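Welcome! Please take a moment to look over the sequence and the 3D view before reading on.

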Amino acid sequence: MAASDTPVLLINAPLVANRLGYPDLSGLDLLELFAFVHPARFCVPTPRGLAQALEIDEPAGDEDVPAFLQRTAGALVTACEDPEWFEREGAWSALQSMERLRWPWAGVLKPHVARPERAEKWLFATLPEWEESPERGSPRQVELPEDDVLQQLDHLTGEGSEKREGQRAYAREAARIFAPRDARDLPHLALAQAGTGIGKTLGYLAPSSLWANASGGTVWVSTFTKNLQRQLRSESRRAWPMKRPDGTPPVVVRKGRENYLCLLNLEDALQGGFASRPAILAQLVARWAAFTRDGDMIGGDLPGWLGTLFRKRGIAALTDQRGECIYAGCPHYRKCFIERAGRDSAQADLVIANHALVMVNAARGRDHAQRPTRLIFDEGHHVFEAADSTFAATLSGQEAIELRRWIMGPERKNRGRRRGLAARLADVASYDDDGGEAIEDACEAGAALPGEGWLQRLNEGEPSGPIEALLSAVRAATYARDESANNSRGQEAGYGIETEASGLPGEVIEAAGGAAEALAAIRTPLIKLGGRLEAIMADPPDWLDGQGRARIEGARFSLQWRVDLIAAWESLLARLGGPADPEFVDWLAVDRSDAREFDVAIHRRWLDPMKPFAKVVLEPAHGVMLTSATLTDRIGADASDAQDAKWQTAIARSGAAHIESKPLLSAAESPFDYAARAEVLIVTDVKKGDLPGLAGAYARLIEASGGGVLGLFTAIRRMRAVHGRIADRLAREGLPIFAQHVDPIDTGTLVDIFRDDPRASLLGTDALRDGVDVPGRSLRCVALEAVPWPRPDILHKARRAASGSGSQYDDRIIRARLAQAFGRLIRNRDDSGHFVVLSSAFPSRLLSAFPQGIAIHRLTLDEALVRVRDGLIGEKQTEAVQNAGELDDNIPDWPQ
Ligand code: SF4
C-alpha cells in the first residue's frame, strides 16, 4: 500500500516486485539512476555493490539499508554537479527526452544537470568512425625455441614470481601447435588436460604472443563462458598493450553479431519505434553507447541487469538478431560496432571468441581470409556440444516464421524499421528487371511459410499453407506416438515430447512432400537473385559506389545463408519417408514449457558432430589445441589400461579421427591439495521424491554453512519448488537466496551478486555447473540434489547405442558433470569446502570423478550438517564408502 501511494526508493524494482508478489510495483529505482549517471560502469546491483561502485560507506546491516538508499541517491545526484563528471556529454539532452517520457528520476535530476553552453551533439555524430586497413598478409612460418617460450612465460607471470613446473611444461606443450604444418589439411592437434590452478591461461598466452609477434599472424582463443572471456581480456594485458602506437587494439573480443548494439535499430527506437518504458530503456542504452568500449550488449560493459529492469525483449530488439542489417546502405555503417569488431579482429594479434562463433565463422563466414588458422579452444570439453548445435538442422515453426519475416517483412506495421527483401533491395529491383522479378517471386513464394498465429491455428486444426500443414501433421504424430505419459517426464510433467522420425504415418510423408515443394519455390528465386547481384557486381552501373558495392556484397552473403538453410530443410524432408541415414539422428518434437506449447519441429543432428567440425575447422587450420580441466575421463586409477581409457573420450570428441591425426596429449595435475581442502558428503536419508524433505535439507545446509552454498538441480521445476519453500524463511535470517529461472535477473548478474555477498546462496541448473568462477569464502559448499544422469532422449539413446559401451557411456558423461560441479568448489590454493550430494543413490563406481585422495563420507543429514557447520575436512574415507561397492547392485543404471 505504501509503495502504491508514494514512489519509493528501491534497488531493482522487478526483483522486489517478484519477491513481494506485487507485479505493479514501481518507484525510483536506483539502478536506473546509476545507469544514467554512470553508463558503461560495472556495478553489482545490491546495496553493497552500489556502495563499492560509488565509493561510499556500505550499509552496516539490513536495518541501515533504507537510509543507505537515500545516501546513494544523494551521491548520484551530486555526482552530476561535479565539474569532473566523466559521463556528462549528452546527459542534458537525454534528460530532456526522458522528462517527456515521464521517467520518474527526470524531475529529481533536472536541477542538478546543468544546461551545456553549446548544444550537445547527437550521439550518432559523436561516435568515431572505423578506418579501412590493408589486408594483413599471411603469417610467416616460424619456430618457437623452447627457451624463448619459457622466457616469455617468466615475463608474463612477472619477474621474480615462483616458477611453477606444471605451468612451464604446459606452455612448452602449447607451443607445439605453432610449428609449421607438415601436410596439407593436417593441423598440429594438441589435447591438453590442465588441472585447476596450474595457470593455463598464461601458459598458452606465452607461446601465442610470441608466435603472433614473430609471424605477424592472429591467434584465436575460443571459450565457452563469458567469464573466461573477461579473465582472458584482463590477463592478455600482460602480453599486449591496450593500443598499438597506431591506435589499433592488438587484442579484440569478438562475438556473434546478435550481441552488439545495432545503431540503426537504436535510432529507430529513439525516434518513436519504442514507446513508454522501452523508450526509457532506449535512452539509457544511448547514454551507454556514447561511452562503451565496443558496443557489446551481452556480457560486455552494458550492465547485465539493465535489460531486466525493462521489457523482456527490449535489449534483443536493439541488436541485429535477424540479420536485417543493410550494411553500407545504413547511415551508421562507418560507425557500426559490428563492422568495427570485424575489422579490428582482422588486424589483431589475439582474438578472444566463443566456440559457436568460431564454428559458424568457419562454416559460413563472409571472409575466408579472416578464418583462424591457429586456434586454442579453452573449456575444450564443450567443443562437442557447440559443434552439435552449430551443425544441426531444425525446421520448426519459429525458424520458418523468421525466414518469412526476412523475406516479406513484418506482418504488422508497428514493428519499427524492419523491412522485407523488396524494401531492402528496392534500388536493385528498379535497376535490374530480372532481379526485381526474382524478388517478387520470392515474396510470393514466401507466403507459404507460417505467419503470425500459426501455433493457434495448429491447435485449432486449421493450418494455413503447406509448411503449417506439415507442422500440424508432425504435431499430431508426435502426440500419437508419445509414451511419456507413463513416466515422470513428458505429457504429465508438461515438458517437451519427441518421437523418432522413422515409420512415420502417410500424412506426415505427404505433407513433407508439399512442404519441400514450397521450400524449393522459395529457394529458386533466391538463387536467381543471388546471381543477379553477382552480375551487378561484375558489371557495376555508374551509380554503384563503394558503399553500394559493400551493401550488395552483404545482401549476397545473407541470401546465400538463407539458400543454404532452405536446402538443408529440403534434404531433411526428403529423408522422412526413406531409409535412415546412419550419419544422422532425425526426430520430431513438440517443445513445451509448463505444458504450454511454443514450437513444433523436425530435428536433425549429426551422430558425430565432430565430423563436420573436422572438415570446416580442423582441416583448414595449421595448429589447434583443446584444453580444459575436465578433458580426460576420471576413471579409477586401478583400471588396467587406465591411461588409454582416460583419453579415449577426449580423443573421440576432438575430431582427430576424421582427419587421421594422432593428437599430441599432455596432462598437468592441479597443484591444489584437495584432500586437505575439501571433502564429499553423500547424504543417505533424504528420500527420493520427498520434496519437503529436500527443501528442508537445503535450508538446513544453508543455515549450517551460513550461506555460501551453490545449489545445483537437474530439474527447474524442483529447483523452483525448493526455492519457494525456503527463500523467505532464510532471508529473514539474513541468508538471502537467489535462483536462476526464478529471479528476474540474468545469470551473469546472479553470479556477481553471489560472489559479492558471502552470506548469499545461489540455486541453479546446468549453466551454473561449470560457468561459475567464485574463488574465496563466497562459495564454500556445493550441494547437488541428485546424480546428474543424462536425459534419455532420442539423441542420447542413439549416441549411446553407437558408442557400443552401454552404461559406461552414461557413466563417462556423469563423471564429467560431477568433475565440473566439483571444480566450482576449489578455485584457488586457499579455498576449502564441502561437496554435498543430497541423494543416497550414488553408485560408488562414479566416485572416481572426484580428485584422488579426497575423503568421501556416506552419512545422515544431521551428521553432514555438523561437518559443514564445524568446517571439518579431510579425514580418511569412512567405512561406509569402502563397503559401498555392495550397494551398487541395488542401484539402477538408469534414472527412474
Ligand atoms: S550497419 Fe547494420 S548492424 Fe550496423 S548499425 Fe547499420 S544496420 Fe545496424
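What follows is a short tour of the ligand site, the nonpolar cores and a few individual residues.

Please keep in mind that this is a predicted model.

**The ligand site**

Let us begin with the ligand. The space it takes up is the second largest cavity. Which residues are found around the ligand? They are R257, C262, L263, L264, C325, I326, C330, Y333, C336 and I338. By residue type, this shell holds nine nonpolar residues and one charged residue, with no polar ones.

**The nonpolar cores**

In soluble globular proteins, nonpolar side chains tend to be buried together. Here, the largest nonpolar core has 63 residues. Within this core, the residues touching the most other members are L30, F36, W103, L261, L266, V285 and L306. Helix α14, which spans residues 276-289, supplies the largest share of this core, with nine residues. Another core lies apart from it and has 52 residues, including A448, A473, A477 and L588.

Setting aside neighbours within four places in sequence, F36 is in contact with W85, A91, A94, L95, M98, W103, L109, L284 and R287. One of these partners, W103, is also listed with F36 among the core residues that touch the most other members.

**Two residues with positive phi**

Most residues other than glycine have a negative phi. A40 has a positive value, with phi near 65°, and R102 also has a positive phi, of about 60°, although it is not a glycine. Where do they sit? A40 is in the loop between α3 (30-37) and α4 (47-54), while R102 is in the loop between α6 (91-100) and α7 (104-109). The table sets out their accessibility.

| Residue | Relative accessibility | Class |
|---|---|---|
| A40 | 22% | partly exposed |
| R102 | 72% | exposed |

The class of R102 follows from its value: exposed means over 50% relative accessible area, and R102 counts as exposed because its relative accessibility is 72%.

**A buried loop residue**

Our last stop is E785, which lies in the loop between β18 (781-784) and α34 (794-803). Is E785 buried or exposed? With a relative accessible area of 5%, E785 is buried; the cut-off for buried is under 20%. Leaving out residues up to four places away in sequence, E785 touches L694, Y698, L712, F713, T714, A715, R718, L838 and S839.

Definitions and conventions. Residues are numbered from 1 along each chain as its sequence is written. This is a predicted model: local features need pLDDT of at least 70, side-chain atom pairs count only at pLDDT 80 or more; totals for chains, interfaces and linings use all residues. Side-chain values use heavy atoms; hydrogens and water are left out. A residue is near a molecule or strand if one of its heavy atoms lies within 4 Å of it. On a 1 Å grid over the protein atoms alone, a cavity is a set of points where a 1.4 Å probe fits but cannot get out, and a pocket is an open set with protein on both sides within 12 Å along at least five of seven lines; lining residues have an atom within 4 Å of a point. A molecule sits in a cavity or pocket if more than half of its atoms lie within 2 Å of its grid points. Ala, Val, Leu, Ile, Met, Phe, Trp, Tyr, Cys and Pro count as nonpolar, Asp, Glu, Lys and Arg as charged, and the others, Gly among them, as polar. A nonpolar core is a set of buried Ala, Val, Leu, Ile, Met, Phe, Trp, Tyr and Cys residues joined through side-chain atoms within 4.5 Å. Buried means under 20% relative accessible area, exposed over 50%, partly exposed in between (1.4 Å probe, protein chains only). Helices (H or I, at least four residues) and strands (E, at least two) are DSSP runs, numbered from the N terminus. Contact means heavy atoms within 4.5 Å.
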